[in-house]
Amino acid sequence: MTWFDTLRTALEAMGTHRMRSALTVLGILIGIAAVILTVGLGIGAQQQVTAQVEALGTNLLIISPGSTTSTTGLRGGFGSASTLTQADAAALASAVVAPDIAAVAPSTSSSQSLVAGASNWTTSVVGTTPSWLSVRARTMSAGTFLTAADQASAASVAVLGATTAQELFGSTDVVGQTVTIAGTPYTVQGVLAPSGSTGSTNNDDTAVIPLSTAQQRVSGGSSRTTVQTIYVQATSQAALPSAYQEANNELLALHGITNATAADFTITNQASLVTTAASVSKTLTVLLAGVAAISLLVGGIGVMNIMLVSVTERIREIGLRKALGARPALIRRQFLIEASLLGLTGGLIGAAVGIAGAKILPSLISNPVALSMPAIFGSITVALAIGLVFGVYPASRAAQLAPIDALRSE
Amino acid sequence: MAAYLTGPTPIHGTRPVLSLREVTKVYRNGSLEVAALRGVSLDVQPGEYVAVMGPSGSGKSTLMHIIGCLDVPSAGSYHLAGEDVSAMSENDLADVRNRSIGFVFQQFNLLASMTAWSNVALPLAYAGVGRALRRERAEAALGRVGLADRVGHRPGELSGGQQQRVAVARALVTEPALILADEPTGNLDSTSTADVLDLFDELHDAGRTVVLITHEHDVAARAGRVVRLRDGLVTDDSPAGAVVAAGVRP
């Protein structure tokens, strides 16, 4: 009996018990579709996080102040101190001190109410220097960004994010309009191109003004010389570690700190943000894929169960086939092929359902689902293997049946 | 079709088709030993038509299993078509069954999902015959049993007598040395019984060797020779006519 004959026999057996075969296949199908979808969701989430972090700017280091400790010993949160100054930023921008740093953008940020005509909108007002645009990897959709002259003269000019412009004016065509921030009127001289969100922060809901203007008119007191964040752009991806070292050494020296562990500032880089975010989504993916794998295992046990039922039900058929000259190995092969076919069918339909789900799901839950070819072909292979593995026991039982016992049964 | 009428060339007097010598079969059920056969010796020559009779528990089913190579004897020797099958491996026994024995069962044992010709062709598939030749030979065998117009029917679409004739065709298709029928008329009405028994007569006339297990007297009467079993021993072995004349009850 050829493999082709055996395959035909297995297909006939599946066709004879359509309902039973379909339900068995369903168990595998759900498992495979679940694996493909969860892996797709996980990869999609990781890609999204990576894209978001890259949207912050390329080759970026973010320097934040350390924490303050009040007289009562209560420690303020990360970034609560005001230890970074514009002088720090100026020093880092020096090509002599830090050759691996391409650009530096000191910035302050505060939540302010913006008024334009009858409408008002509260948003994050960022005071920064002209290099912010390139350091944060932003582009303009209209008008011009802040200039060195604006910074030098502390000009009352503002650049709006797309969302902010839309909220205030109902349009993004707002160059030349006037917006009032903290009682001072500013002329809108440009609009930022949309860049999406980073985590919960909408990068398009912002207003950017010159740092000098922000220090003089928006914030007050000690904030006149300090900055909240210094964004540093390294010359290349490879230069990030040395840029980090240069910034760290220079700031330690400027702040007169000899013990590096007592630094009054923190430098974070994109890579660490990506790693943190990715590890969270990876944990979630592993967890979900684990649940999916368990459902696949249950599907496999379903295959074994049905094959055992099938062997018991077809005990006379097995006896007859043996009487007519089928060797035990051939009977085993027949049932193994049948079990593998159940697994493979479940795998193929499951993959189709998973792919369809990956196309439909993003429109329902707004999470991206990335289809991974290794996951699809891997899970089809796993489905086949599950059929095979869980078919071994029932097939061996069939092969070992004594022909007389099998023929005698009713 | 001619091949089925003439059958294999008989080798008169040289070698029996089957030869049992002092065959015993002991079944062990826990600590209990049950001797189903207690020393059976039997020779069947080519072209013979032998009926094996006996009441329930006489060991005739066990004898049928051993003759059919479905089971092996506990002691004694069994030669089928010249081959010693008493100590063969399971695989070799499967090959011997495929090659040398054509089974006809009481329950017909046709596969319901397969057409008549596929059922008949099944032993050929296990013998490794190609699909086209299988179909050709299966259709010829079905023609031989008068079912040439039923090759594409499934067992469910055939009467009991027709199903048993399909089973006979399946037993013929490999041209085995021995046709072994186990209560072939047990599930048939009298008309179909006559039909099937006529078929066995024809096979016998064509020179085939037939061993038929039965408990029915009139079925045994059609055979040329009747072997009676009781309590695992052969109690009588005589031409069928003599048994009927002597009025020995089953």
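**Terms and their grounds**

Author: In this predicted model, 16 residues of chain A are in contact with 18 residues of chain B.

Reader: What makes two residues count as being in contact?

Author: Their C-beta atoms, placed from the backbone, lie within 7 Å; by that criterion, 16 residues of chain A touch 18 of chain B. On the side of chain A that touches chain B, α1 (3–16), α10 (315–323) and α13 (403–408) each supply at least two residues. The most comes from α10(A), with five residues. That side of chain A comprises eight nonpolar, two polar and six charged residues.

Reader: Why is chain B called as compact as a globular protein of its length?

Author: The globule rule gives 18 Å for 250 residues, and the radius of gyration of chain B is 18 Å, close to that value; therefore chain B is as compact as a globular protein of that length. Its C-alpha trace spans about 50 × 45 × 40 Å along the principal axes. Chain B contains nine helices and ten strands.

Reader: What makes a residue buried, and what percentage of the residues in chain B are buried?

Author: A residue is buried if 20 or more other C-beta atoms lie within 10 Å of its own. In chain B, 49% of the 250 residues are buried.

Reader: Which residues have the most contacts inside the largest nonpolar core?

Author: They are V120(B), L142(B) and A169(B), in a core of 126 residues. Helix α2 (residues 18–55) of chain A gives the most to this core, with twelve residues. Beyond its neighbours within four places in sequence, A169(B) is in contact with residues including V120(B), A141(B) and L142(B).

Terms used:
Residues numbered from 1 in each chain as written. Chains lettered and ligands numbered in written order. Predicted model: local features only at pLDDT ≥ 70, side-chain atom pairs only at ≥ 80, totals over all residues. Helix = DSSP H or I, 4+ residues; strand = E, 2+ residues; numbered from the N terminus. Nonpolar A, V, L, I, M, F, W, Y, C, P; charged D, E, K, R; others polar. Rg over C-alpha atoms; globule rule 2.2 N^0.38 Å. Buried ≥ 20, exposed ≤ 12 C-beta atoms within 10 Å, placed from the backbone. Core = buried A, V, L, I, M, F, W, Y, C linked by C-beta atoms within 7 Å.
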